[in-house]
Amino acid sequence: MRLVFAGTPETSVPALDALLASDHEVAAVVTRPDARSGRGRHLEASPVAVRAAEAGVEVLKPAKARDPEFLDRLRAIAPDCCPVVAYGALLPREALDIPRHGWVNLHFSLLPAWRGAAPVQRAILHGDDVTGAATFQIEEGLDTGPVYGVLTEPIRPTDTTGDLLGRLAVAGAGLLLDTMNGIEAGVLEPRPQPTEGVSHAAKLTPEDGRVDWRTPALHIDRLVRACTPAPGAWTTFRDARLKLGPVRPAPDAEGLAPGGLRAGKKEVLVGTATHPVALGDVQPQGKRRMAAADWIRGVDLTDKDALH
């Protein structure tokens, strides 16, 4: 088939690579406009735009998917189908109607669970044991369209969002290619999503990443892993922000007041509503990331110090 691929972040690249290597023709790529990034705030193209340019594929960067120039160009390309992975913008009816097989999204959950922007983060935060990916026909509703295919993926006890997304992006690329092949062969029909088991995955904000040490250790462990690498988990120490890498529950350690600190030779324990957790890597404000034991040696800890 003649395809126009839509995607933006690094997570989308494995699927684009799978389609580029297939018998289908990737005629163009749609991605979000260049965005400012890094300390210098320089404009940078998205990972999908960079990969498409390397492959010599036309790159379209509409400010909005309803821009007339973009819609005209899409009609001129005349794609059979538009596969999508984490494009990051809503698609209007005018765009949805252009390809004869519509737009097919690869979503990183087992629909109808975790519809929305942050399915992997919410699955980890909720304590799900299993997640997966699904390909579905895009409608004007939020991730409500009929499903072509699914795959499952266990959530490991130490998985961060970055870990799990990395695995799902690779496995999902194969699912998306299989879906394109099935549509082309006329052997794949999408099935409506169940009406039960619907949950919504709102985006996690930087404020959501702040750890409340008055909550149980199990929740804190999940929160930090869900927020890694983005939006990032954090707390405050002496009124300055301290970024947190994944923590390790320490159920056998002697108890501490929530937020209280105990420094050992090789670990730093923090109190929670239940048992302590051991800090992993931390990053003090304006400094590099380091092991918590290295950080604590440089702060001259007192009995009054705590994380808040």
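Analyst: The answers below concern pockets, helix packing and some backbone details. Please note that this is a predicted model.

User: What volume does the largest pocket have?

Analyst: The volume of the largest pocket is about 1,400 Å³. Its lining consists of 46 residues, and those closest to the centre are Ala86, Tyr87, Gly88, Gly116 and Ala117.

User: Which elements give two or more residues to that lining?

Analyst: They are strand E7 (103-107), strand E8 (115-116), helix H5 (119-126), helix H6 (161-185) and strand E11 (200-201).

User: And how does the lining of the largest pocket divide by class?

Analyst: There are 26 nonpolar, 11 polar and 9 charged residues in the lining of the largest pocket.

User: Then the second largest pocket: what is its volume, please?

Analyst: The second largest pocket has a volume of about 220 Å³. It has 13 lining residues, with Phe237, Pro284, Lys287, Trp295 and Val299 nearest its centre.

User: Which element gives the most to the lining of the second largest pocket?

Analyst: That is E13, with 3 residues. Strand E13 (240-244) and helix H8 (292-297) each contribute at least two residues to this lining. By class, the lining of the second largest pocket holds 7 nonpolar, 2 polar and 4 charged residues.

User: On to the helices. At what angle do H1 and H6 pack?

Analyst: Helix H1 (residues 13-20) packs with H6 at an angle of about 40°, and the axes are 8 Å apart. H1 is therefore oblique to H6. Their crossing is right-handed.

User: Which residues make that contact?

Analyst: From H1 come Pro14, Ala15, Ala18 and Leu19, and from H6 come Ala169, Val170, Ala173, Leu176, Leu177 and Met180. The contact of H1 with H6 has 10 nonpolar residues, no polar and no charged ones.

User: What about H5 and H6: at what angle do they pack?

Analyst: H5 and H6 pack at about 125°, with their axes 10 Å apart.

User: Why are H5 and H6 called oblique to each other?

Analyst: Angles of 65 to 115 degrees count as roughly perpendicular and those over 145 as roughly antiparallel. The angle between H5 and H6 is about 125°, and the two helices are therefore oblique to each other.

User: Is their crossing left-handed or right-handed, and which residues meet?

Analyst: The crossing of H5 and H6 is right-handed. On the H5 side, Val120, Gln121 and Ile124 meet Thr161, Leu164, Leu165 and Leu168 of H6. This contact of H5 with H6 comprises 5 nonpolar and 2 polar residues, with no charged residues.

User: Now the backbone. Which residues does the cis peptide bond with omega of about 10° join?

Analyst: That cis bond joins threonine 228 and proline 229. Proline 229 is in the loop between helix H7 (217-226) and strand E12 (233-237). The peptide bond from alanine 230 to proline 231 is cis as well, with omega near 5°. Proline 231 also belongs to the loop between H7 and E12.

User: One last point: what is phi of alanine 78, and where does alanine 78 lie?

Analyst: Phi of alanine 78 is near 55°, a positive value in a residue other than glycine. Alanine 78 is located in the loop between helix H3 (68-77) and strand E6 (82-85).

Notes. Residues are numbered from 1 along each chain as its sequence is written. This is a predicted model: local features need pLDDT of at least 70, side-chain atom pairs count only at pLDDT 80 or more; totals for chains, interfaces and linings use all residues. Side-chain values use heavy atoms; hydrogens and water are left out. On a 1 Å grid over the protein atoms alone, a cavity is a set of points where a 1.4 Å probe fits but cannot get out, and a pocket is an open set with protein on both sides within 12 Å along at least five of seven lines; lining residues have an atom within 4 Å of a point. Grid points are joined across faces, edges and corners, and a volume is the space filled by probe spheres set on the points. Helices (H or I, at least four residues) and strands (E, at least two) are DSSP runs, numbered from the N terminus. Ala, Val, Leu, Ile, Met, Phe, Trp, Tyr, Cys and Pro count as nonpolar, Asp, Glu, Lys and Arg as charged, and the others, Gly among them, as polar. Axes are lines fitted to C-alpha atoms, for helices over the stretch in contact, and angles run from 0 to 180 degrees between N-to-C directions. Angles under 35 degrees count as roughly parallel, over 145 as roughly antiparallel, 65 to 115 as roughly perpendicular and the rest as oblique. A crossing is left-handed if the near helix is turned anticlockwise from the far one by less than a right angle, and right-handed if clockwise. Contact means heavy atoms within 4.5 Å.
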